[in-house]
Amino acid sequence: VNAKNPDENDDKCFDLIHEKVADLSGALDVDTPIAFLVLLNDVNKYAEEQRKKVVSMEEFQAIAGRLKMERQILEAALVFFNKMSVWMYVPSVLPGAVFVDPQMPLDSINRIVQYSFRVGGGAISGLAASECRLWKEGVVSSEMLKGEEFRGCFVRGLFEAGDALKLFEKLYIVAPLNEREFIMPAMLQTVAEKDMERYVPAPSEHVSPLFLHFHMSRIAKGVFCSTHTCMRSKYGWTTAYTMVKSKIVPACLFRNAVRLQHPTKAVEITLLHALKHFEVHLDASQPDLPIICPEIRDMLMDAVDSAASAFRFKNSRASVAFQCPCSPDDVHTATLNDAHSNLICTLTGKNNRGGLTPAQGVWLGPQTAPVAESATTSLSTSEPVSSLTDPPSLSSPSSRMAETSRLRRWTQKVRSLFSSSSSTTPSHQHLSAPPSRMDALRKESSSTAECSSPQDGSLGEEDLVEITDQLMDLDQSDIYNLGLVLGLAHRRVVDLRQNSGSNLAFLDAVVLHWLQRDDHVKEVSWAALVKALRHQRLGHTGIATSIAEKYGTQL
């Protein structure tokens with residue numbers, strides 16, 4: 001094709017290429033190189049003909065060779081389609097294989113879990129007592145997976161039992177117990193909610209239970225089990241044991257409740273899975289609670305993010321929270337306000353408690369008084385405020401860990417300032433948080449307007465921060481589709497994406513143009529936003545439901 005001086009035949013060829021690329025791209029909502037699309041088409045066609053769900057790297061290279069595709073381009077295509085969840089490519093674990101059907105490993109997990117339930121229910125006979133015990137305790141090994149019942153789960157030479165356990169460990173589905181055995185929390189039995197209380201430590205006046213609140217109607221399936229696994233494999237926590245009738249048994253080891261032992265300290269935590277939150281109960285006998293509690297909080301927040309990232313779960317962001325006292329019979333959460341000084345009920349959106357108690361504040365750091373002017377100056381000059389308060393980019397899979405690490409650095413900085421001071425302060429007073437992104441953007445969007453919506457439900461530029469705070473879980477593709485569904489022109493959304501330095505900046509820009517009613521925008525309200533989030537191009541019903549409940553939208 002002569003691209004510089006095309007004739008009529010060249011134009012027809014261009015039209016044909018455009019038509020073929022449009023057919024290949026299908027539902028892909030991101031810009032995709034033509035070479036990648038051609039490879040995708042040829043590989044999927046080959047896999048369908050050969051009835052394969054996993055294709056070897058040699059077969060990929062052969063197909064790429066016929067397309068005259070270089071090895072670097074092939075590698076880039078594999079990484080690209082893995083990120084898009086079209087294929088599964090994990091070279092650190094399986095360098096010689098690609099799952100052209102990403103559902104295959106998950107089907108293997110389901111097969112294993114179903115078998116363990118049958119063993120636990122007594123439906124499998126002929127197993128040794130020791131093997132039955134291992135299945136019931138969630139223990140699995142490559143030898144156990146080589147049985148006849150799992151033959152269809154693996155592919156000889158490409159994806160065998162040992163490879164599966166390595167992949168499952170990478171995805172935080174299993175955690176190693178020793179050189180041969182792994183624990184898979186999804187195989188454990190479930191404890192009834194009414195029986196959970198018997199595994200909860202006695203209440204303490206020194207430390208309150210920590211809640212992790214999820215901004216969705218239900219927590220994504222598997223997040224709790226993977227969080228449990230991540231605490232083991234990433235941070236070294238182990239099963240806590242107790243003595244029952246002269247036998248050493250796990251203190252609490254269930255699919256939805258577990259008691260874990262700290263790897264180096266005499267600290268145990270009990271994790272419970274509720275409908276919309278996790279509960280964290282800590283042994284209160286430790287003198288260094290202001291130090292150990294924030295560390296445990298950071299580990300848990302990172303474990304939740306790691307679990308969500310491994311399976312690309314959306315809307316699985318968790319926030320630090322505590323039990324709300326407004327309705328003792330209905331256990332629900334109260335999240336922290338921007339200044340980390342008050343609790344806001346997640347059901348009513350109101351401050352039902354006032355300031356944090358010392359037993360709650362211990363999860364956030366030392367209980368100190370508000371920062372004096374001299375201390376604030378010292379903090380600002382030693383480390384830029386922006387490095388402590390600006391939110392991390394949500395495009396990073398470790399965004400939550402970055403955020404909690406930043407909070408920890410800020411807490412340590414303030415602790416060092418006050419430890420060098422000779423003055424003492426009341427233990428019930430609290431440290432004000434550094435300036436937040438909300439404060440900065442409020443000044444940008446409106447210097448006079450209040451951050452509350454009019455009575456008719458319409459929204460304005462002064463609501464920019466409040467809106468974007470509800471949409472933090474959206475990735476770049478989601479933001480792109482949100483802009484289109486809300487009524488922004490395609491060209492505008494593409495330009496905003498290209499000119500934004502981060503997902504957050506892209507989100508702010510899209511929402512701002514929507515609030516300004518640019519292009520084809522018809523309605524600017526919470527109801528319109530909820531409807532857009534539930535559109536088939538996004539399908540974020542969890543976020544939509546959360547917004548509808550919070551702002552009284554009836555859609």
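Q: Is Met88 buried or exposed?
A: In this predicted model, Met88 is buried, because its relative accessible area is 13%, and buried means under 20%.

Q: Where is Met88 found?
A: Met88 lies in the loop between α4 (71-83) and β2 (97-99).

Q: Which residues is Met88 in contact with, leaving aside its neighbours within four places in sequence?
A: With those neighbours set aside, Met88 is in contact with Asn82, Val98, Phe99, Pro102, Pro105 and Leu167.

Q: And how many Å apart are Met88 and Met104 in space?
A: From C-alpha to C-alpha, Met88 and Met104 are 9.6 Å apart, and 16 residues separate them in sequence.

Q: Changing topic to the protein as a whole: how many helices and strands does the protein have?
A: There are 20 helices and 16 strands in the protein.

Q: What percentage of the residues count as buried?
A: The protein has 555 residues, and 46% of them count as buried.

Q: What about contacts between residues at least 6 apart in sequence: what percentage join residues at least 24 apart?
A: Of those contacts, 63% join residues that are at least 24 apart in sequence.

Q: Now to β6. How many of its residues are buried?
A: Strand β6 covers residues 210-214, and five of its five residues are buried.

Q: Which residues are on each side of β6?
A: Leu210, Leu212 and Phe214 are on one side of β6, while Phe211 and His213 are on the other. Both faces are covered, and these residues are all buried. In a regular strand, side chains alternate between the two faces of the sheet.

Q: Which strands does β6 pair with?
A: β6 pairs with β12 in the antiparallel sense over four bridges. β6 also pairs with strand β13 (residues 318-323), again in the antiparallel sense and over four bridges.

Q: Which residues stand opposite each other in those pairs?
A: Leu210 has Val280 in β12 as its bridge partner, and Phe211 stands opposite Ala321 in β13.

Q: On to cavities. How many of 30 Å³ or more does the structure hold?
A: The structure holds two cavities of 30 Å³ or more. The second largest cavity has a volume of about 40 Å³.

Q: Which residues line the second largest cavity?
A: Its lining is made up of Leu212, Phe224, Thr227, Leu271, Phe278, Val280, Leu300 and Val304. The elements that give two or more residues to this lining are α8 (223-233), β12 (277-282) and α9.

Q: Is α9 mostly covered or exposed?
A: Helix α9 is mostly covered, with 18 of its 22 residues buried.

Q: Why does the span of α9 agree with what it should be?
A: Helix α9 runs over residues 289-310, and at 1.5 Å a residue its 22 residues should span 32 Å. The end C-alpha atoms are 31 Å apart, so the two values agree.

Q: What is the phi of Arg312, which follows α9?
A: The phi of Arg312 is positive, near 55°.

Q: One last topic: what is the order of the open sheet of three strands?
A: The order is β3-β5-β4, with antiparallel pairing. The edge strands, β3 (139-141) and β4 (175-176), each pair on one side only.

Q: Over how many bridges do β4 and β5 pair?
A: β4 and strand β5 (residues 181-183) pair over two bridges in the antiparallel sense. Pro176 stands opposite Phe182 in β5.

Notes. Residues are numbered from 1 along each chain as its sequence is written. This is a predicted model: local features need pLDDT of at least 70, side-chain atom pairs count only at pLDDT 80 or more; totals for chains, interfaces and linings use all residues. Side-chain values use heavy atoms; hydrogens and water are left out. Buried means under 20% relative accessible area, exposed over 50%, partly exposed in between (1.4 Å probe, protein chains only). Contact means heavy atoms within 4.5 Å. The expected span of a helix is 1.5 Å times one less than its number of residues. Two strands pair if DSSP finds at least two bridges between them. On a 1 Å grid over the protein atoms alone, a cavity is a set of points where a 1.4 Å probe fits but cannot get out, and a pocket is an open set with protein on both sides within 12 Å along at least five of seven lines; lining residues have an atom within 4 Å of a point. Grid points are joined across faces, edges and corners, and a volume is the space filled by probe spheres set on the points.
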